[in-house]
Amino acid sequence: MSTFNTRCPSCQSMNRIPTERVSESPKCGKCSSTLLDGFPIEGTDSNFDAILNSDQPVVVDFWAPWCNPCVGFAPIFADVAVEYAEKVRFVKIDTESQTNLAARYQIRSIPTIMLFKNGNRVDSLNGALPKSQFKQWLSEALQK
């Protein structure tokens, strides 16, 4: 039986999930929150490193509330998050309120999308894309 580890988006506890049981809506063993609910998680200074250290690939949207392309891209990001819920964790980081994370990743334009695997940046993308192009980028980036 193969498993993967993921952190709870609510309490940050590490949870081991059997691959065969991913479709059963696994819950955190500590706080009972849904682990893979398909909705993007809000990334903060306090939870981002824990999220990145998950065995699951992580897609991050660096955005700001005043950015029209960011606001327009948000529903696309959320839709793709639901479609990839069992394979990838999606995180949104507001660069206005999380300035340390924006500086750490040298965000110069928004939206900036990054893909991480095992805590390492694999690929990045600047600018909003239509859903089909975003999914194509993500599929290709996940193969790296």
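# Briefing: a cavity, a hairpin and an aromatic cluster

The largest cavity is lined by Leu 35, Leu 36, Asp 37, Gly 38, Phe 39, Pro 40, Ile 41, Ala 81, Ala 85, Val 88, Arg 89 and Phe 90. This is a predicted model, where local features need pLDDT of at least 70, side-chain atom pairs count only at pLDDT 80 or more, and totals for chains, interfaces and linings use all residues. Residues are numbered from 1 along each chain as its sequence is written, and side-chain values use heavy atoms, with hydrogens and water left out.

**Cavity**

- A cavity is a set of points, on a 1 Å grid over the protein atoms alone, where a 1.4 Å probe fits but cannot get out; lining residues have an atom within 4 Å of a point.
- The count is one cavity of 30 Å³ or more.
- The largest cavity has a volume of about 90 Å³, taken as the space filled by probe spheres set on the points, with grid points joined across faces, edges and corners.
- Its lining divides into nine nonpolar, one polar and two charged residues. Ala, Val, Leu, Ile, Met, Phe, Trp, Tyr, Cys and Pro count as nonpolar, Asp, Glu, Lys and Arg as charged, and the others, Gly among them, as polar.

**Hairpin**

- Strands (E, at least two residues) and helices (H or I, at least four) are DSSP runs, numbered from the N terminus.
- Strands S6 (residues 112-117) and S7 (residues 120-126) run antiparallel, joined by six bridges; two strands pair if DSSP finds at least two bridges between them.
- Lys 117 has Asn 120 in S7 as its bridge partner.
- Two residues lie between the strands of this hairpin, and Asn 118 takes a positive phi near 50 degrees.

**Aromatic rings**

- The whole structure holds nine aromatic pairs. Rings of Phe, Tyr and Trp (its six-membered ring) pair if their centres lie within 6.5 Å; planes under 30 degrees apart count as stacked, over 60 as edge-to-face and the rest as tilted.
- Phe 77 and Phe 134 form a tilted pair, because their planes stand at 40 degrees, with ring centres 6.1 Å apart.
- This pair links distant parts of the chain: Phe 77 is in helix H2 (residues 68-83) and Phe 134 in helix H4 (residues 131-142), 57 residues apart.
- Phe 77 is buried, at 0% relative accessibility. Buried means under 20% relative accessible area (1.4 Å probe, protein chains only).
- Phe 134 and Trp 137 are stacked, because their planes lie at 15 degrees, with centres 6.0 Å apart.
- Both sit in helix H4, three residues apart, about one turn of the helix. Phe 134 and Trp 137 are both buried.
- One aromatic cluster takes in Phe 73, Phe 77, Phe 90, Phe 134 and Trp 137.

Technical notes
1 Å grid on protein atoms, 1.4 Å probe; cavity = no way out; pocket = protein on both sides within 12 Å on 5 of 7 lines; lining within 4 Å. Buried < 20%, exposed > 50% of the residue type's maximum accessible area, 1.4 Å probe, protein only.
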